[in-house]
Amino acid sequence: MSDQKKKNLTPVQQEYQTLAKKREIKRPVLKNCLKAFLVGGFICFLGQFVQTFYVHFFEFNERTAGNPTVATMIFVAVLLTGFGVYDRLGQFAGAGTAVPVTGFANSIASAAIEHRSEGYVLGVGGNMFKLAGSVIVFGTFAAFVIAIIKTILVGWGGL
């Protein structure tokens, strides 16, 4: 807590803050980071394995194998979400399961499963895209800003 906020507290509140801080359970940050790193790395390893599979066993090159790889990873993530495995993995690894494609597929599928009792249009369709809408808007805005920066840099002859 900042010093300015501490000054606004009464002595009893400050004493309570001190007591609460002593009893607060320390979070194993290093252990959680290691779990997130390992699980996120394993998901990326699986994606690389799938891409290599498409390159060697089908007529894809490294550039064109990206689309079926992403589709496969989305399918696997949605399947694992449906069986409840991805949620358990998320509880274990935390942010490690938030690898963009699989984490996004998990969040969309979880919302669809959670709200299916409200109907297909208003329940599944309406709630599934609550999260997707904000992600799409942020992604579009970030791409717009990056394009402006690139245009300015290229216009000045920097790139």
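**Tyr54 and the rings around it**

I began at Tyr54, which counts as buried at 17% relative accessibility; buried means under 20% relative accessible area, exposed over 50% and partly exposed in between, with a 1.4 Å probe and protein chains only. Before going on, I noted that this is a predicted model, where local features need pLDDT of at least 70 and side-chain atom pairs count only at pLDDT 80 or more, while totals for chains, interfaces and linings use all residues. Residues are numbered from 1 along each chain as its sequence is written, and side-chain values use heavy atoms, with hydrogens and water left out.

What does Tyr54 touch, not counting residues up to four places away in sequence? I found Glu59, Phe60, Ala65, Pro68, Thr69 and Thr72, taking contact as heavy atoms within 4.5 Å.

Next I checked the rings. Those of Phe, Tyr and Trp (its six-membered ring) pair if their centres lie within 6.5 Å; planes under 30 degrees apart count as stacked, over 60 as edge-to-face and the rest as tilted. The structure holds six aromatic pairs. In one of them, Tyr54 and Phe58 are tilted, at 5.7 Å centre to centre and 40° between the planes. Phe58 counts as partly exposed, at 44% relative accessibility. Ring pairs join Phe53, Tyr54, Phe57, Phe58 and Phe60 into a cluster.

**Helix 3**

I then followed helix 3, residues 29–57; helices are DSSP runs (H or I, at least four residues) and strands are too (E, at least two), numbered from the N terminus. Helix 3 has 29 residues and reaches 42 Å from its first C-alpha to its last, close to the 42 Å expected, the expected span being 1.5 Å times one less than the number of residues.

Which residues of helix 3 are buried? My list reads Lys35, Ala36, Val39, Gly40, Ile43, Gly47, Val50, Gln51 and Tyr54. A reminder to myself: an α-helix has 3.6 residues a turn, so residues three or four places apart point the same way. The cover over the buried residues of helix 3 includes helix 4 (66–82), helix 5 (85–93) and helix 6 (100–114).

Gly40 got its own entry. Gly40 is buried at a relative accessible area of 10%, and touches Gly96 and Val99, leaving aside residues up to four places away in sequence. The C-alpha atoms of Gly40 and Gly96 are separated by 4.2 Å, though the two are 56 residues apart along the chain.

**Cores**

A nonpolar core is a set of buried Ala, Val, Leu, Ile, Met, Phe, Trp, Tyr and Cys residues joined through side-chain atoms within 4.5 Å. The largest has eleven residues, among them Val39, Ile43, Val50, Tyr54 and Met73. Helix 3, helix 4 and helix 5 each supply at least two residues of this core, and helix 3 gives the most, with four. Another core, of five residues, lies apart from it and includes Ile108 and Val124.

**Cysteines**

How many disulfides are there? I count zero, a disulfide being a pair of cysteine sulfur atoms within 2.5 Å. The sulfur of Cys33 is 16 Å from the closest cysteine sulfur, in Cys44, so it is too far for a bond. Cys33 is partly exposed at 47% relative accessibility, and Cys44 is partly exposed at 46%.
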